[in-house]
Amino acid sequence: MAVTMRTPGGDFELAAGFLFTEGLIAPGDLRRVAYCDEVDDVDQRFNVVTVTLNRPFDHERLRRNFYATSSCGVCGKAALDDIEVRCAPVADGPEVAAGVLVELPAKLRAAQKVFDRTGGLHAAGLFTPEGELVSLREDVGRHNAVDKVVGERMLAGDVPLAGTVLQVSGRASFEIVQKAAVAGIPVVSAVSAPSSLAVEAAERFGMTLVGFVRDGGCNVYSRPERVIG
């Protein structure tokens with residue numbers, strides 16, 4: 001169904017999170033996630049993941065979804081309309097202190113064990129409103145890191161993720177906001193800039209989007225009432 005360049009590790013989380021955040025399955029649809037045994041090349045066995053569902057897979061939904069969210073940007077409105085069909089606006093709350101937000105990048109960086117060895121990976125971390133780390137995943141792709149975090153919580157039966165803060169390294173892209181919206185994450189914080197479509201998506205789905213979280217400051221682009229202090 002999909003091919004991605006990823007950093008090995010958390011492969012089942014990546015597969016489950018990707019299918020969920022792209023709106024292709026619901027959490028209750030999963031029956032089994034496993035490496036595929038039916039591959040000709042033994043070296044590729046752990047590079048192929050098969051997901052078994054409790055229901056038939058809707059291939060037409062796959063076609064519609066990837067048209068709307070094409071990386072070349074078919075249409076921003078089409079992408080936003082597609083997400084609106086798949087998920088409701090996120091729940092109200094929680095409030096997060098600005099002092100907590102500005103500390104999250106350092107906490108994210110301190111927990112990046114693979115980055116310490118390579119210097120070349122992105123990270124996504126799920127935090128409580130008080131700044132306690134719930135889950136962190138690293139990957140060469142920013143979107144993969146988000147999918148791994150969401151997939152980990154999904155496999156644990158802990159979605160939607162209301163009452164959490166998602167901190168990401170790098171920019172806040174539309175795709176990251178989209179994935180957070182589907183997962184019910186109300187606050188997304190990024191070290192660097194958000195795209196204009198990311199801001200529009202966050203406003204439309206009632207999310208707080210924070211960018212340029214660095215040097216003790218940050219910019220709040222939507223739903224500022226969640227940020228206090």
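Modeller: Angles under 35 degrees count as roughly parallel, those over 145 as roughly antiparallel, those from 65 to 115 as roughly perpendicular, and the rest as oblique. What stands above is a predicted model, in which local features need pLDDT of at least 70 and side-chain atom pairs count only at pLDDT 80 or more, while totals for chains, interfaces and linings use all residues. Residues are numbered from 1 along each chain as its sequence is written, and side-chain values use heavy atoms, with hydrogens and water left out.

Biologist: At what angle do helix H7 and helix H8 pack?

Modeller: Helices (H or I, at least four residues) and strands (E, at least two) are DSSP runs, numbered from the N terminus. Axes are lines fitted to C-alpha atoms, for helices over the stretch in contact, and the angles run from 0 to 180 degrees between N-to-C directions. Here H7, which covers residues 142–155, and H8, which covers residues 174–183, pack at about 10° with axes 10 Å apart, and the two helices are therefore roughly parallel to each other.

Biologist: Which residues make the contact between H7 and H8?

Modeller: With contact taken as heavy atoms within 4.5 Å, H7 contributes Arg142, His143, Val146, Asp147 and Val150, and H8 contributes Glu175, Ile176, Lys179 and Ala183. Sorted by class, this contact has 4 nonpolar, 1 polar and 4 charged residues, where Ala, Val, Leu, Ile, Met, Phe, Trp, Tyr, Cys and Pro are nonpolar, Asp, Glu, Lys and Arg are charged, and the others, Gly among them, are polar.

Biologist: How many aromatic pairs does a search of the whole structure find?

Modeller: A pair of aromatic rings is described by the distance of the centres and the angle of the planes. Rings of Phe, Tyr and Trp (its six-membered ring) pair if their centres lie within 6.5 Å, and planes under 30 degrees apart count as stacked, over 60 as edge-to-face and the rest as tilted. The search finds 2 such pairs. The rings of Phe12 and Tyr35 have centres 4.8 Å apart and planes at 50°, so this pair is tilted. Because Phe12 lies in helix H1 (residues 11–21) and Tyr35 in strand S1 (residues 30–35), the pair ties together parts 23 residues apart in sequence. Tyr35 also forms an edge-to-face pair with Phe46, at 4.9 Å centre to centre and 85° between the planes. Phe46 sits in the loop between S1 and strand S2 (49–53), 11 residues from Tyr35.

Biologist: Is Phe46 buried, exposed or partly exposed?

Modeller: Buried means under 20% relative accessible area, exposed over 50%, and partly exposed in between (1.4 Å probe, protein chains only). At 47%, Phe46 is partly exposed, as is Phe12 at 29%, and Tyr35 at 27% is partly exposed too.

Biologist: Where in the model does Phe212 lie, and what is its phi?

Modeller: Most residues other than glycine have a negative phi, and most peptide bonds are trans. Phe212, in strand S8 (residues 208–214), has a positive phi near 50°. Arg223, in the loop between strand S9 (217–222) and strand S10 (227–228), has a positive phi of about 45°. As for the peptide bonds, the one from Gly93 to Pro94 is cis, with omega near -5°, and the one from Val159 to Pro160 is cis, with omega near 5°.
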